[in-house]
Amino acid sequence: VLDGWSYFWGAVGGPIYVFAKGFRLLALAMLGVTCAIVGGAFLALTFAVAIFGDPLMSILSIVGIVVVAIAIQSSAAVELVRYGLVRAGWREGYY
């Protein structure tokens, strides 16, 4: 079952979460996605700190970028697991 905890573990674990669900190749794909997210977040953080002269705005932008990066990682991990489950024959639906 993919529920709220899946998003938490996807955010915390990323590729490890996908691998733990039994999808080795999708875990490798998630590793690439995680690297892209980290790279994008690093570029955004560098740009935000360089453009804002005010320390408060820099801190707020850093927190915002980190939160968005974690949310993207979480969603990507759950979607990859969902894709793997559907491909394995599980069906989508409610209880």
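**Ground rules.** I number residues from 1 along each chain as its sequence is written, and side-chain values use heavy atoms, with hydrogens and water left out. The model is predicted, and local features need pLDDT of at least 70, side-chain atom pairs count only at pLDDT 80 or more, and totals for chains, interfaces and linings use all residues.

**Fold.** I looked up the secondary structure and found four helices and zero strands, in the order α-α-α-α along the sequence. Helices (H or I, at least four residues) and strands (E, at least two) are DSSP runs, numbered from the N terminus.

**Overall dimensions.** I noted a radius of gyration of 16 Å, whereas a compact globule of 95 residues would have one near 12 Å. This radius is taken over C-alpha atoms, and the globule rule is 2.2 Å times the number of residues to the power 0.38. The C-alpha trace spans about 55 × 25 × 15 Å along its principal axes.

Among contacts (heavy atoms within 4.5 Å) between residues at least 6 apart in sequence, 63% join residues at least 24 apart.

**Aromatic pairs.** I looked for ring pairs and found two. Rings of Phe, Tyr and Trp (its six-membered ring) pair if their centres lie within 6.5 Å; planes under 30 degrees apart are stacked, over 60 edge-to-face, the rest tilted. Trp5 and Phe8 are edge-to-face, at 5.6 Å centre to centre and 90 degrees between the planes. These two are separated by about one helical turn because they sit three residues apart in α1 (residues 4-13). Phe8 also pairs edge-to-face with Trp9, at 4.9 Å and 75 degrees. I checked accessibility: Trp5 is exposed at 56%, while Phe8 is partly exposed at 39% and Trp9 partly exposed at 45%.

**Nonpolar patch.** I recorded a surface patch of Phe47, Ile51, Phe52, Leu56, Met57 and Leu60, with about 600 Å² of accessible area together. Patch residues have over 30% relative accessible area and no salt bridge, and nonpolar side chains (Val, Leu, Ile, Met, Phe, Trp, Tyr) are joined within 5 Å; a salt bridge is a side-chain nitrogen of Lys or Arg within 4 Å of a carboxyl oxygen of Asp or Glu. Areas come from the Shrake-Rupley method with a 1.4 Å probe. Helices α3 (24-51) and α4 (55-87) each give two or more residues, and α4 has the largest share, three. Phe52 lies in the loop between α3 and α4 and is partly exposed at 32%.

Notes:
Patches are made of residues with over 30% relative accessible area and no salt bridge: like charges are joined within 9 Å, nonpolar side chains (Val, Leu, Ile, Met, Phe, Trp, Tyr) within 5 Å. Buried means under 20% relative accessible area, exposed over 50%, partly exposed in between (1.4 Å probe, protein chains only).
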